[in-house]
Amino acid sequence: MTKKAIVTGHTRGLGAALAAQLEADGWDVLGVARSGGERVDLGDPAALTVWIDGGTLRAHLADADEILLINNAGVLGPADIAGAQDPVAVALAVNVNVTAPILLTNAVLRDRPAGVPTRVAHISSGAGRRPLAGWSVYCATKAVVDHHAVTVAAEDHDGVRIVAIRPGVVDTDMQGDIRASEGFPLRADFVAMKEQGQLTSAADAARAVLAIVHADDFGDTPLASV
Ligand code: NAP
């Protein structure tokens, strides 16, 4: 049984824990990030397209009996209210959080050997399902991947199951970035959550995400939460 996974953003945080746990479970993991594995800037759609067309992904999938794509890489983007956002940071967040998962899902569904069971998990966020002032870009990008999962699921591809998963509040570099966001209106709430020990470790969050991913009913509903 050849189990082939692709995990984006596997170099740190939740993605590193997901990749490690999948490898321990016998998966051959292709990691995609800027600082390790397949070095691709997911904030640059042209570079990602060149990488996809280069054939590494197709070769990884060629002998698979089972395929798993986890679109995990993400960035917070500008933690500022609309009108005060850096346009470059807006575009980067949209490209990493939205364009890259859509392009990779498209490529995996196109390049997978016919009929091989394929699961796709977008790592979403509670922010995609409720408004948080100062995070309009992050909230909007996560809402988009939620709806992308819902819509691809509705297409009813043979052997494909897709779910957008909220991982909870995880103790990673991203949470450190949030606590350091001076202009973010809800910053004090996130500082308090850390101080009160309310963050989940990346390892525990990855275990919970993978329990959803490997469940028999994965894909029955395209939105899930840890
Ligand atoms: P993190 O610690 O900041 O790690 C982000 C990962 O994404 C890194 O491996 C990074 O790798 C990769 N990445 C960032 N920009 C990239 C780019 N331009 N190109 C390629 N890779 C890039 O984040 P995390 O907290 O683990 O978050 C993982 C996912 O969970 C994200 O989608 C996030 O939105 C979601 N999430 C997190 C929380 C939380 O509380 N932490 C809550 C809800 C949802 P390189 O730096 O090597 O490129």
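1. Basis. The model is predicted, so local features need pLDDT of at least 70 and side-chain atom pairs count only at pLDDT 80 or more, whereas totals for chains, interfaces and linings use all residues. Residues are numbered from 1 along each chain as its sequence is written, and side-chain values use heavy atoms, with hydrogens and water left out.

2. Polar atoms at the ligand. Ser 35 places a polar side-chain atom 2.4 Å from a ligand oxygen atom. For Thr 172 the corresponding distance to an oxygen atom of the ligand is 2.4 Å, and for Tyr 138 it is 2.6 Å. Taken alone, the ligand exposes 890 Å², of which the protein buries 96% (Shrake-Rupley method, 1.4 Å probe).

3. The structure holds 1 cavity of 30 Å³ or more (a set of points on a 1 Å grid over the protein atoms alone where a 1.4 Å probe fits but cannot get out). The largest cavity contains about 40 Å³ of space. Its lining (an atom within 4 Å of a point) includes Asn 71, Asn 72 and Leu 104. Helix α4 (residues 87-111) gives the most to this lining, with 4 residues. The lining divides into 6 nonpolar, 3 polar and no charged residues.

Notes:
A polar contact is a pair of N or O atoms within 3.5 Å; within protein, one must be able to donate a hydrogen and the other to accept it, and residues adjacent in sequence count only if both atoms are side-chain atoms. On a 1 Å grid over the protein atoms alone, a cavity is a set of points where a 1.4 Å probe fits but cannot get out, and a pocket is an open set with protein on both sides within 12 Å along at least five of seven lines; lining residues have an atom within 4 Å of a point. Grid points are joined across faces, edges and corners, and a volume is the space filled by probe spheres set on the points. Helices (H or I, at least four residues) and strands (E, at least two) are DSSP runs, numbered from the N terminus. Ala, Val, Leu, Ile, Met, Phe, Trp, Tyr, Cys and Pro count as nonpolar, Asp, Glu, Lys and Arg as charged, and the others, Gly among them, as polar.
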